[in-house]
Amino acid sequence: MAAKNNYVPHHVMVVDTNRCIGCWSCAFACKQINNEPLGYWWNRILTTAPNQSTTAKAPASDNLDVPWGTYPDCELAYLPVACQHCNDAPCVKVCPVQATFRRDDGTVLIDFNRCIGCRYCMAACPYGVRIFNWGDAQYAPGGVVGYGKEYWTGDRLVFTPERPKGVVEKCTFCVERIDVGEEPYCVVACPMGARIFGDLNDPESQVSEFVNSGGAEQLHPELGTNPNVYYLPVARRVPGES
Amino acid sequence: MATTTAALPARATRTFRPIWAWYAALVALMAWGLGAWIDELHYGLAATGMRDVVSWGMYIFTFAFFIGLSAGGLIMASSAEVFGIKALRPLSRLGVLSAAACVAVAALMIIPDLGKPIRIINIFIHPNWTSPLIWDILIITVYFVFSVVDLYVLQRQAAEPSRWRKVMRVMAYVGLPTAILLHSVTAWIFGLQIARSWWNTSLMAPLFVVSAVLSGTALVTLLALCAERYGKIELAEDTRRWLRGFITVSLIIDLFFVGCDYITVLWGNVPSDRSALNLVLPGGPWAWLFWVEWIVGGVIPLAFLVVPRLKKLPGALGLSAVLVIVGVYAFRIELVVLGFVNPLTQYPPGNAVGTYNPATSSFQLIGRYHPTWVEIGIVLGLVALFAALVTIGYKSLHVIESAPAGEHRAKAAIAETTAGS
């Protein structure tokens, strides 16, 4: 790999749903590092049944952590969902002003200075991960500031702690961290090590192994968005075996 | 000439008071709308009922509604030429006027929906040609310019029929495809989106075109009836028959298309499609839309349009036009809002709302939406603007011969106008 000039990594995240315990640590870590105001969730953890696509089954309940089935035949799994950083992203296609764009490393970002706030991207995203700045940002007193600085990629303002009213925002794969070789903060924060981040162009990386031969799946593959976030399906225990 | 000079002062004294009351009401509504918009600019879109789950609301469905309303006039004016429907020719100018006013109001309806209205300039600096929105803005601009030019041509043609006749015919042939394109591109804003199965159907563009013809013709009918009522001119029976025919046929096709969509979803029984349709079918939380669309805007106007005994009643045409417009508005609400209300991910807790309210959850599984007074005020202000544009336009065009009672009256009126100008 070192021989290649102008090497651009292909950033990919794999979420091992076998390991996820639904503790929301990644969601809270995300809120802290990105200084997300109250009511904003770039990252959220859905309560699901094992290996259910997101539309196959009616919810067991409107509430978190409610299993499917009746005792003792219950089942429960979790699906952490943030921006899927699609390679063929509907949001990039619909944005009338190219404010949402895809970087060469696969990261989909929003230019805070260009977005006109039409919210077409929110209508187009199949994963519902985009957040709009409806009014003045509210914070809990004594909150953590997190990264706390503006971050530019080229001439694009892709993160700012001072939220401008009337623009759309979402998960950035912690672009300010991955650009200096660190992992996204949710990966660091996960107590179970359920999130794995790496370079798909590097055949030796753990993510390459999961994506190429480990059975990692994308969310809504039938929509052809080709996300850069993958999920390892829950390996069910067969009754009778231990 | 004698009749005209005798009639004019009498009408002027009679309509002086009501017209000023009408203008005052419109100005009051526009002032309310402007005030509401200033309020929204100050507080941001948090002043509206939209949130991250239902992220498009009243502005967008009213926008789609006005785009639809703009169809009727231009299609009618063009059909009069292209298909040689003489009976509709008197309504050409009124129709094109309402088309221009509708599309202008529709374009303005987008402005308060933007989070950063000042940055609308970015659309021209950094256009993204894969976005249906860019194409829609393009076609809206073309359509508006076309309507204004067409209005000018029709006005000149009324004065010098032989000289402008050819230009008018060319405009008619260009106008019809332009109108159809406008509705198709607006439909594709929704219909091309893979994310929401409620929208993602190739039926969307045909449905938009037919419901546009339906509501647009109904609007022109209403305007013509108003002109008849307050302008003291009579609609020819032939004109009424064509208007009734247009509304009836497009209403039947519209209901047929919507029915096709329902049957496809019901038979297929795909969970994400079914959960959307269940919201609007009787028993669902949005069932009132179903009743407004199928009964108030469907069966009742259809009865007043086709049942021989009912259609002879004096207000039958006007009543059906009003009901049909109400039904199409319900359809626009159903189309836009239910696409968002139906959960993208069926799993709790759903999607983040994006604002904080200590009394409720920050998440919604099934979207909720109620327009606030800010949204209602802005929309009513723009509706008032439409009414003002049509009133002022109609008065300044002197569309006196627009709806003659019969051939004799028509010839007399044209002769009068030609002599007068």
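Modeller: His11(A) stands opposite Asp199(A), a residue of β10(A). This is a predicted model: local features need pLDDT of at least 70, side-chain atom pairs count only at pLDDT 80 or more, and totals for chains, interfaces and linings use all residues. Residues are numbered from 1 along each chain as its sequence is written, while chains are lettered from A and ligands numbered from 1 in the order in which they are written.

Now the strands. Strands are DSSP runs (E, at least two residues) and helices are runs of H or I (at least four), numbered from the N terminus. Strand β1 of chain A covers residues 11-16 and pairs with β10(A) over 5 bridges, in the antiparallel sense. Two strands pair if DSSP finds at least two bridges between them.

The open sheet has 3 strands, ordered β10-β1-β11 in chain A, with mixed pairing. β10 (195-199) and β11 (229-232) of chain A are the edge strands; each has a single partner strand, so one side of each lacks a neighbour in the sheet. On average, neighbouring strands here are turned by 25° against each other, direction ignored. Axes are lines fitted to C-alpha atoms, for helices over the stretch in contact, and angles run from 0 to 180 degrees between N-to-C directions.

Next, the chain contact. It takes 52 residues from chain A and 43 residues from chain B. Contact requires C-beta atoms, placed from the backbone, within 7 Å. On chain A's side, the elements giving two or more residues are β2 (44-48), β3 (77-81), α2 (90-94), α3 (120-124) and β6 (131-132) of chain A.

Notes: Contact = placed C-beta atoms within 7 Å.
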